[in-house]
Amino acid sequence: MKTEYYDLRDPAEREAGIAAGSRALISKETVAFPTETVYGLGALARDAAAVERVFTVKGRPLNNPVLVHVSDMDMARETGRFSELGLELAKLWPGPLSLVVPAASWVPDRVTAGLSTVGIRMPSHEGALDLIAVSGPIAAPSANRSGRPSPTRLEHVREDLDGKVPVILDGGPCQLGLESTVIDVTGRVPVILRPGAVTREEVAALVGDCQVAQGVLEQVEGTAARSPGMLHTHYAPRGEAVLIRGGHGLDRARALRAEAEAAGRLTVIVGPNLPREQGMIPCDIMGEHGLFYALRAADEMGAQFVIIMGTGTAGEGLAYMNRAIRAAGYRVLEESR
């Protein structure tokens, strides 16, 4: 399959790109498109066979639900049933927030992984909103091969999906570089299933309370995934990875790197607030040069061992640590002060 590319930042290509993407979706194909968080790989949410192609292209486990992207509240209400709590948090749309609500009867089981709920998101990226507005609700996980770091730039999508999808829409680097916050609003208190740019503190300030689900910072086995990113290994670089958390971690990281390189393994250290020196890849806790960008950069360097530096879990740090723990395959070294 030959993949067509369109740059949505170019006015001359934008209209043609949206039209080409919509045609592909209506033809039951998948399309990669930008959002403010990461690039998505979408299919028409109403078409179970089309959604099946997303799983096939990604190599995604079938028990991992996908989010439905909408362009307005009318479309959201057609997709799920919103309580007063859900409507209150929907005031944060458009933006990096997905709300888990009871699913409408038309939503295919392949989207929900057989659950009675569906995650709904209204992105703030204009290109994504335009594509959804002309095509209808789009079911879309991140536009990468399953398990790999999520794509935050065109070159990441091209590396994983070129020749596997008919259309890739280029929106440039993603502003936030980390997937949306997913919040279950089916109960009386909102529960964060996957943290992101919309923080626990922000939600609590809006509605009075907010809980964090078990499994956000630890591995949970044997239950149904209520949200993307809850059960499966995600975001892994090609090399072996480990996370160092707490205390004087950088000293420990340097010692580990020296040991690994003495054994002939190319080793890099990635994380926030690192000094700019050889063998280190500084990254933002959230942003264009976030963790996923750094992990992809480590792959480009051919790193055989990747040491990920941890951070605190307040605010956006919770989202960073959620991804870092999974990128390390839950291999965590605690470094006391």
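I started at Leu243 and found it opposite Ile308 in S15. I was working in a predicted model. Next I looked up the strands around this pair. S12 covers residues 240–245 and S15 covers residues 305–309. They pair in the parallel sense over five bridges.

I then traced the whole sheet. Five strands form it, in the order S14-S13-S15-S12-S16. The sheet is open and its pairing is parallel. I checked the edges next. S14 (280–282) and S16 (332–334) each have a single partner strand, so one side of each is left without a neighbour in the sheet. Neighbouring strands are turned by 25° against each other on average, direction ignored.

I looked for a helix on this sheet. H11 (residues 317–327) lies across S12, S13, S15 and S16. Its direction is at about 140° to S12.

I moved on to S9 and S10. S9 (residues 181–184) pairs with S10 (residues 191–194) in the antiparallel sense, over three bridges. Ile183 stands opposite Ile192 in S10. A hairpin of six residues joins the two strands. S10 also runs parallel to S11 (residues 211–212), with two bridges between them. Here Val191 faces Gln211. From S10 the chain crosses through helix H8 (residues 200–207) to S11, and I noted this β-α-β crossover as right-handed.

Last, I looked up the cores. The largest nonpolar core has 47 residues. Trp93, Leu99 and Leu169 touch the most other members. I listed contacts of Leu99; among them are Phe82, Trp93, Val118 and Ile183. A second, separate core has 29 residues, including Val270, Ala297, Ile308 and Tyr320. That brought me back to Ile308, the residue opposite Leu243.

Technical notes: Residues are numbered from 1 along each chain as its sequence is written. This is a predicted model: local features need pLDDT of at least 70, side-chain atom pairs count only at pLDDT 80 or more; totals for chains, interfaces and linings use all residues. Side-chain values use heavy atoms; hydrogens and water are left out. Two strands pair if DSSP finds at least two bridges between them. Helices (H or I, at least four residues) and strands (E, at least two) are DSSP runs, numbered from the N terminus. Axes are lines fitted to C-alpha atoms, for helices over the stretch in contact, and angles run from 0 to 180 degrees between N-to-C directions. Contact means heavy atoms within 4.5 Å. A nonpolar core is a set of buried Ala, Val, Leu, Ile, Met, Phe, Trp, Tyr and Cys residues joined through side-chain atoms within 4.5 Å. Buried means under 20% relative accessible area, exposed over 50%, partly exposed in between (1.4 Å probe, protein chains only). A crossover is right-handed if, with the strands pointing away from the viewer, the path from the first strand over the helix to the second runs clockwise. Lists of a residue's contacts leave out its neighbours within four places in sequence.
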